[in-house]
Amino acid sequence: MRKPKIQLNRVSDKTKLLLKFNYISSVLSLIIGLICSYVIHMDGTIPYVFYFYFVLNLLNVAVFNKHKNLLAMAICTSTLSFLSTIVITLFSGGINSPFIFILGLIVLAGYISTRVFGKVYLYLIIGTIILIYLIDYANFDFIVNEVPDSSRDLFSLISILFSVYLLGGVLGKNLLNTHHKLYKSKAKIEKSVDEKENLLREVHHRVKNNLQTVSSLLNLQARNTPNEQIKELVKSSQNRVTAMAMIHEMLYVRDNLSKIEFGSYVQELTQFLLRTVERKDRKIDVTIDIPDTWLGIDTAIPLGLLINETVTNSIKYGFKDMEVGKITIELEKRYQNKFILKISDNGASFPLDFDFKNSNTLGLRLIHNLARQLQGTIERLPTTEGTTYKLVFQDIASQFNT
């Protein structure tokens, strides 16, 4: 609904400008024609051109008021103005005529109407000026300067005043009003964008707070049960919730509200997991090799949960009987916005005949479900030491945009 309204406003502004130009130029043409006839005592073509312009331009407006065809009125006005200006210029001094500057106003009026009209008028009038110069240079006998020698300064003054009034009083004033409207519209749009960004930040902030509340409730639930297995399950769920909360926190804290810098997010997530899952009597190093990559929230959340599961499995089971360990997370961007994520550790590996795709373990099932959610594929690479996962995926947001 908003777009048609804007287009109607633009048509209305152009109609008002064109009607104003027609009325003012017609009245001024009548006045200048009378001055040429009764003050300058000019006999010949020029006064009649002013009179014809006055009559034909008003007739053009009357036809528009009946049929409401803005394009037809604009073409008639420009054609009439162009031909009248050429004739007056030729019979008032040619290339030296002060009335030739009206041709420049026609170019400006064309650009105000549409860019196409402006370009057409620009090249047409440049060619016309060159042609007028050649006509003067050829010195055709049938073209004479009808302005008397004693009145040429007066005619020059009238032509300049006519040009300045049309330029400043009609076209220039319209340009100023248009600039003012654009400035107000820009300020309004910027205000609306700021309001929406603040609202979106508030949404991410509230989601993060709600997820933290869920995490706190899970923590309280774990404290109230003596069963260590239940505590372990609740703790795993709590870490998953925290992994999602981190993303919303990064979205409302930083400038970009739709994408996160994935490298810094993985850094924060792994440090959190090392603080909460890792034993204090053991040292595990995490190496992160992720280039400057920005991912949408629909990709970052399942990807963060997948990293949470694999890193947690490595810390809890891969390094169970080890004093030191190393986890490596690598992200590589390939063609067509595809990514390859590798997560590896040097801990205890699965048996070679272990079918991890059909495992009943919740963590492994969750890893494969998250890979499908990312519309990607995941596999466990055969290694002599530790475990390595390879995930091939594409940013979901980029896929939708494409």
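Which helix is Ser26 found in? Ser26 sits in helix 1, residues 2-38. One caution before I go on: this is a predicted model. Everything I say today is computed from it.

Let me stay with Ser26. Its relative accessibility is 0%, so Ser26 counts as buried. What does Ser26 contact, leaving aside neighbours within four places in sequence? The partners are Tyr53, Phe54, Asn57 and Leu58.

Now the overall picture. The protein chain has 402 residues, and 41% of them are buried. Its secondary structure comes to 11 helices and 7 strands. Take the contacts in the chain with a separation of 6 or more. Residues 24 or more positions apart account for 70% of those.

Leu83 belongs to helix 3. Leu83 is at 48% relative accessibility, so Leu83 counts as partly exposed.

Next, Leu157. Leu157 is in helix 6, which covers residues 152-223. Is Leu157 buried or partly exposed? Partly exposed, because its relative accessible area is 45% and the cut-off for buried is under 20%. Leu157 and Phe99 are 58 residues apart in sequence. Their C-alpha atoms are 9.9 Å apart.

On to the loops. Two residues there have a positive phi without being glycine. Lys68 is one, with phi of about 60 degrees. Lys68 lies in the loop between helix 2 (45-67) and helix 3 (70-90). Lys68 is exposed, with a relative accessible area of 57%. Gln375 is another, with phi near 55 degrees. Gln375 lies in the loop between helix 10 and strand 6 (377-381).

Now the packing. Start with helix 8, residues 262-276. Helix 8 has 15 residues and reaches 21 Å from its first C-alpha to its last. That is close to the 21 Å expected at 1.5 Å a residue. Which residues of helix 8 are buried? They are Phe262, Gly263, Tyr265, Val266, Leu269, Thr270, Phe272, Leu273 and Leu274. Keep the helix geometry in mind when you look at that list. An α-helix has 3.6 residues a turn, so residues three or four places apart point the same way.

What do the buried residues of helix 8 pack against? Two helices are on the list: helix 7 (228-253) and helix 9 (297-318). The strands are strand 1 (259-261), strand 2 (283-289), strand 3 (294-296) and strand 4 (324-333).

Helix 7 and helix 9 also meet one another. Their axes come within 10 Å and cross at roughly 140 degrees. The crossing is right-handed. From helix 7, the residues at the contact include Arg240, Ala243, Met244 and Leu251. From helix 9, they include Ile297, Ile301, Leu305 and Lys316. By class, this contact has 8 nonpolar, 4 polar and 4 charged residues.

Zoom in on Leu305, in helix 9. Leu305 is buried, because its relative accessible area is 13% and buried means under 20%. Leaving aside neighbours within four places in sequence, Leu305 is in contact with Arg240, Ala243, Met244 and Leu370. Leu305 and Ile367 are 62 residues apart in sequence, yet 8.1 Å apart in space, C-alpha to C-alpha.

Last topic: the nonpolar cores. The largest has 41 residues. Which of them touch the most other members? Phe262, Tyr265, Ile307, Ile329, Leu341 and Leu391. Several elements give two or more residues to this core, among them helix 7, helix 8, strand 5 (338-345), helix 10 (362-373) and strand 7 (387-394). Helix 9 gives the most, with 8 residues.

Not counting residues up to four places away in sequence, Leu341 touches Leu303, Ile307, Ile329, Glu330, Leu331, Tyr389, Lys390, Leu391 and Phe393.

Methods
Residues are numbered from 1 along each chain as its sequence is written. This is a predicted model: local features need pLDDT of at least 70, side-chain atom pairs count only at pLDDT 80 or more; totals for chains, interfaces and linings use all residues. Side-chain values use heavy atoms; hydrogens and water are left out. Helices (H or I, at least four residues) and strands (E, at least two) are DSSP runs, numbered from the N terminus. The expected span of a helix is 1.5 Å times one less than its number of residues. Buried means under 20% relative accessible area, exposed over 50%, partly exposed in between (1.4 Å probe, protein chains only). Contact means heavy atoms within 4.5 Å. Axes are lines fitted to C-alpha atoms, for helices over the stretch in contact, and angles run from 0 to 180 degrees between N-to-C directions. A crossing is left-handed if the near helix is turned anticlockwise from the far one by less than a right angle, and right-handed if clockwise. Ala, Val, Leu, Ile, Met, Phe, Trp, Tyr, Cys and Pro count as nonpolar, Asp, Glu, Lys and Arg as charged, and the others, Gly among them, as polar. A nonpolar core is a set of buried Ala, Val, Leu, Ile, Met, Phe, Trp, Tyr and Cys residues joined through side-chain atoms within 4.5 Å.
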